[in-house]
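Dear colleague,

I am passing on the structure below, and would be glad if you could read it alongside the notes that follow.

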Amino acid sequence: MIKAYVVFGGLVLAALTWTHYTGWGPSDVTEEKVKSVRNNPGSYRSAYGGRSYTGAK
Amino acid sequence: MLDATDPEFRLIAQYEARRVQPAIPLGTRGRLGGEPFEVIGYLQRQVVDEPFTWSEYLLHNPVHGMRWLVEYHGHWVLSRAASGVPKSTKGSVTYQEVAYRHFQTAKAKIVAVSGEFPWAPRVDERAVVEDYVAPPKILSSERNAQEITWSTGEYIEGGAVWKAFALPGSPPRRIGVGAAQPSPYAGAGRPMFLLFCSFLALAVLVHLVFAIVSQQRLVADINAEYKPGTADGAMVISEPFSLSGRTSNVMVEISTNAANSWVYFTLTLVNEDTGVAKAFGREVGLYSGRDSDGAWSEGANWDRAYLPSVVSGSYVLTVEPEGPYAIHWRVRLTRDVPRPLWLWLALGALLVPPAVFLWRRAAFENQRWSESDHASSGSDDD
């Protein structure tokens, strides 16, 4: 069990280092491919644009 | 030819039916602890008025004397007469500087006997037996009207007994945890604790190092007023800004003066070099008031989010607020910020194995002591 904990702890520390280094993390961000901002202003408007948001209350 | 109606035959038949066959036949020779022994006697004892029985084998060596091999539920103990009287204190005894905890006291009787003994044991002979344990050691006393005798023993694996006496087959299957059975978790508590402390220190160190060497550079800071139904502040585009360095995250902080209202922000981070856009929405809302229970509040008029693994390059940010009332808002982007969340998650993960270890160790000890007079209490063997 001690050996397993050594391996497990090492993996956790490696994961911590990796997430800190790369800035990785689970994300709810959606990505979309758009044209250049300057060449086509407004084309990067988000997917949320155009709908009517009513809010939670 | 035998006459089944003959009373003598019936007596022999009853004797054969009740005769107990020892798992180790009398006369078997073997080596235990490097010394040769011969099985010369066998006793089966039972707790009076209870169904618990155990076996005791008397071993003999002309030079080293007698030993007892005791078996209960597949758990074996090799014991010998104690060389002195243990010091007794409340709930425990001390023998040769080892403290033993009281395990159980019972009135036992002999239910089967065969072979040779230094005294003449009889079926139904009774004695009060007491066991004290310090796994893998056990200290037992046997008391009757005439005397009290002490013996000290040590747990031995059934496989070792079978090997020592070259017995065919395999030893009886173990049931539960033996009184003197050494815990597989004994001695691992301290290394586990030290490992956890080391991992904890290393995890904090990793976080601190990144907190020091990370850029944590403010790359965009946008302020604006939003008025619903007008073009004012409907969409704000930042000046181009640079995200430099290795691929890392971007922290987005939103603050508003919203009160009893909500604002929904649609934000888009556009990489001017590649045309890749990360579009995402965040909502802030703060409500407060007073009712019969007093003042209350719900939500917040600020928000914080992280964009993971953003490559370096030239970017712009668009912000489109939407809400029922006019508000003042501010959005700030900070490059390369170490997230404390990952440190907390790492610490939580590092706690899991020690927690499982402690739980399993306690479960093992609870199982051991469930057979004792102290079934509700556990034991800490470290």
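**Notes on the model**

Ala166(B) sits in the loop that joins α2 (158-164) and α3 of chain B, where helices (H or I, at least four residues) and strands (E, at least two) are DSSP runs numbered from the N terminus. This is a predicted model, in which local features need pLDDT of at least 70 and side-chain atom pairs count only at pLDDT 80 or more, while totals for chains, interfaces and linings use all residues. Residues are numbered from 1 along each chain as its sequence is written, chains are lettered from A and ligands numbered from 1 in the order in which they are written, and side-chain values use heavy atoms, with hydrogens and water left out.

The phi of Ala166(B) is positive, near 50 degrees, in a residue other than glycine. Ala166(B) is exposed because its relative accessible area is 66%; here buried means under 20% relative accessible area, exposed over 50%, and partly exposed in between (1.4 Å probe, protein chains only). Asp336(B), in the loop between β21 and α4 of chain B, also is not a glycine and has a positive phi of about 60 degrees, but Asp336(B) has a relative accessibility of 2% and therefore counts as buried. A further backbone feature is the cis peptide bond from Pro135(B) to Pro136(B), with omega near 10 degrees; Pro136(B) lies in the loop between β9 (126-134) and β10 (137-143) of chain B.

Turning to chain A, helix α1 (residues 2-22) has 21 residues, and its end C-alpha atoms are 30 Å apart, which agrees with the 30 Å that it should span at 1.5 Å a residue, the expected span being 1.5 Å times one less than the number of residues. Among the buried residues of α1(A) are Tyr5(A), Gly9(A), Val12(A), Leu13(A) and Leu16(A). The buried residues of this helix pack against α3 (189-213), β15 (248-256), β19 (302-310) and α4 (340-369) of chain B, with contact meaning heavy atoms within 4.5 Å. After α1(A) comes Gly23(A), with a positive phi near 70 degrees.

Asn249(B) belongs to strand β15 of chain B and is buried, since its relative accessible area is 3%. Leaving out residues up to four places away in sequence, Asn249(B) touches residues of both chains, including Thr22(A), Gly23(A), Tyr306(B), Thr334(B) and Asp336(B). The C-alpha atoms of Asn249(B) and Ala363(B), which are 114 residues apart along the chain, are separated by 44 Å.

Thr334(B) is placed in strand β21 (residues 327-335) of chain B, and is buried because its relative accessible area is 8%. Neighbours within four places in sequence aside, the contacts of Thr334(B) include Gln216(B), Leu218(B), Asn249(B), Met251(B) and Glu253(B).

As for the overall layout of chain B, an automatic or database domain assignment divides it into domain 1 (29-164) and domain 2 (215-337), and the centres of these two domains, taken over C-alpha atoms, are 77 Å apart. Finally, Val213(B), in helix α3 of chain B, is exposed, as its relative accessible area is 55%.

With kind regards
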